[in-house]
Amino acid sequence: MKVLLVGSGGREHALAWKLAQSPLLTRMVAAPGNPGIEAICEIRPISPTDVAGLVVLAREIGADLVVVGPEVSLEAGLADALAQAGVPCFGHSRAAARIETSKAFSKDFAARHHLPTARHGTFEAAEPARAFLQGFTPPYVIKADGLAAGKGVVIAATLEEARAAVDDMLGGRFGQAGARVVIEEFMAGEEVSLFALCDGETTLLFGEAQDHKRAYDGDKGPNTGGMGTYSPAPVATPQVVARAEAEMIRPTALGMAAEGAPLRGVLYAGLMIENGAPRLVEYNARFGDPECQVLMLRLRSDLLPYLLAAATGGLKAMPPLAWREEAAICVVLAAPGYPDAPEKGSVIRGTEADLGEGVALFHAGTARREDGALIATGGRVLNVCALGKDLSQARARAYAAVAKIDWPEGFHRTDIGWRAL
Ligand SMILES: Nc1ncnc2c1ncn2[C@@H]1O[C@H](COP(=O)(O)OP(=O)(O)OP(=O)(O)O)[C@@H](O)[C@H]1O
Ligand SMILES: [Mg+2]
């Protein structure tokens with residue numbers, strides 16, 4: 001099978017690493033890829049939002065399947081264009097991706113289908129938004145409707161701050177993405193990410209992971225795209241997962257199909273667990289990054305036939321997924337200044353060294369300089385991942401590998417996995 005993989009982050013490197021192990025794979029091309037992916041397969045410099053360019057590439061290589069990593073490609077309509085071209089695509093249509101790309105749509109959908117989640121309201125004007133805020137107690141949760149690169153959510157401690165956030169968003173801080181705001185009830189509890197493959201109707205649970213959103217140790221500092229993950233996550237007990245599947249995942253797939261926008265790809269449910277009961281924080285329409293990395297390490301089954309089945313409506317016929325008993329961890333190495341203003345260009349050495357047993361290194365924001373040196377080009381730059389017989393061993397292996405990478409400018413959290421240990 002010939003596969004086109006779209007994306008350039010650590011998530012896509014982990015997908016490439018796993019797909020490359022499939023005995024069914026005959027050729028893989030990634031666009032645009034990164035230096036880590038380039039060590040696995042051919043890469044082409046086509047942007048993940050260049051829909052026309054990606055369709056041409058898929059045709060050129062005779063792709064049997066296109067695997068879409070990032071949500072921006074879905075929002076740009078890549079899956080729709082591939083459907084027109086008759087190329088199977090693991091990734092939702094633009095309409096289905098609204099489950100992530102519009103928080104107003106997603107929350108209204110949750111209300112229509114009685115999914116357990118925070119009470120909410122959607123507003124296009126400041127006055128009614130302010131009035132609605134009065135009905136809550138602090139902290140207040142204010143969200144820009146559209147994609148805002150993980151920066152569109154404000155948890156405000158005071159009414160004053162909450163009003164400022166509303167004004168800020170409606171005032172154009174996030175452009176069109178903030179033309180509508182969602183205000184919702186604050187939910188207490190512990191967060192976990194739950195994944196499911198969807199083929200339009202059938203859903204297949206695809207594991208869970210816990211992320212660390214804040215930049216610094218002890219969950220301090222600004223929110224980021226994620227500084228590390230581990231899986232399994234003890235908070236996602238079999239009971240919690242079964243409830244989330246019955247009360248959210250299945251009704252969501254059925255509801256989206258009934259509304260004419262079937263899900264074909266990953267459904268990522270951000271859950272808040274309180275007293276063993278899951279509530280929906282948000283949906284995403286793609287694998288989490290860096291959650292995907294630990295899932296790929298733990299997955300024993302061949303990934304490729306499952307992605308193809310999700311793309312083509314065959315999930316029901318697939319055998320159960322097999323997972324390793326081991327725990328997996330991912331430590332993100334980030335550039336100085338991340339998340340606000342990451343510095344680019346510093347040189348990274350030691351990535352080709354033997355990083356030890358059970359370790360996998362994924363590139364997230366790197367490039368090759370003309371002289372061949374590996375340099376940092378993004379906020380999150382490398383993902384040091386490891387498997388271990390338990391989380392402590394995985395963690396010790398990952399941090400031992402981190403110590404072998406020579407990148408004085410980079411920083412990372414030293415406490416990934418603390419909640420579970
Ligand atoms: N109603 C809520 N109650 C408590 N915390 C919340 C609530 N909504 C959001 N949060 C917090 O804010 C974070 C970001 O919210 P959300 O996941 O909706 O935004 P996002 O920008 O789409 O995130 P991501 O980049 O992970 O997709 C959540 O992970 C959670 O910690
Ligand atoms: Mg989101």
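Helices (H or I, at least four residues) and strands (E, at least two) are DSSP runs, numbered from the N terminus. The structure is a predicted model, in which local features need pLDDT of at least 70 and side-chain atom pairs count only at pLDDT 80 or more, whereas totals for chains, interfaces and linings use all residues. Residues are numbered from 1 along each chain as its sequence is written, and side-chain values use heavy atoms, with hydrogens and water left out.

The mean pLDDT (the predictor's confidence in each residue, from 0 to 100) of the protein is 97, and 100% of its residues reach 70 or more. Among the elements of the protein, the highest mean pLDDT, 99, belongs to strand β1 (residues 2–7), and the lowest, 92, to strand β13 (residues 220–223).

An open sheet is formed by 5 strands in the order β3-β2-β1-β4-β5, with parallel pairing, where two strands count as paired if DSSP finds at least two bridges between them. Strands β3 (42–43) and β5 (89–90) stand at the edges with a single partner strand each, so one side of each is left without a neighbour in the sheet. Strand β1 is joined by 6 bridges to the parallel strand β2 (residues 27–32), and K2 stands opposite R27 in β2. Helix α3 (residues 51–60) packs on this sheet, where it touches β1, β2 and β4 (65–68), and its direction makes about 160 degrees with that of β1; contact here means heavy atoms within 4.5 Å. Helix α12 (residues 303–312) lies across β1, β4 and β5 and runs at about 95 degrees to β4.

Helix α1 (residues 10–19) packs against helix α11 (residues 291–298) at an angle of about 15 degrees, with the axes 8 Å apart; axes are lines fitted to C-alpha atoms, for helices over the stretch in contact, and angles run from 0 to 180 degrees between N-to-C directions. The two helices, α1 and α11, are therefore roughly parallel to each other, a term that applies to angles under 35 degrees.

Most residues other than glycine have a negative phi, and most peptide bonds are trans.

How values were computed: Chains lettered and ligands numbered in written order. Parallel < 35°, antiparallel > 145°, perpendicular 65-115°, else oblique.
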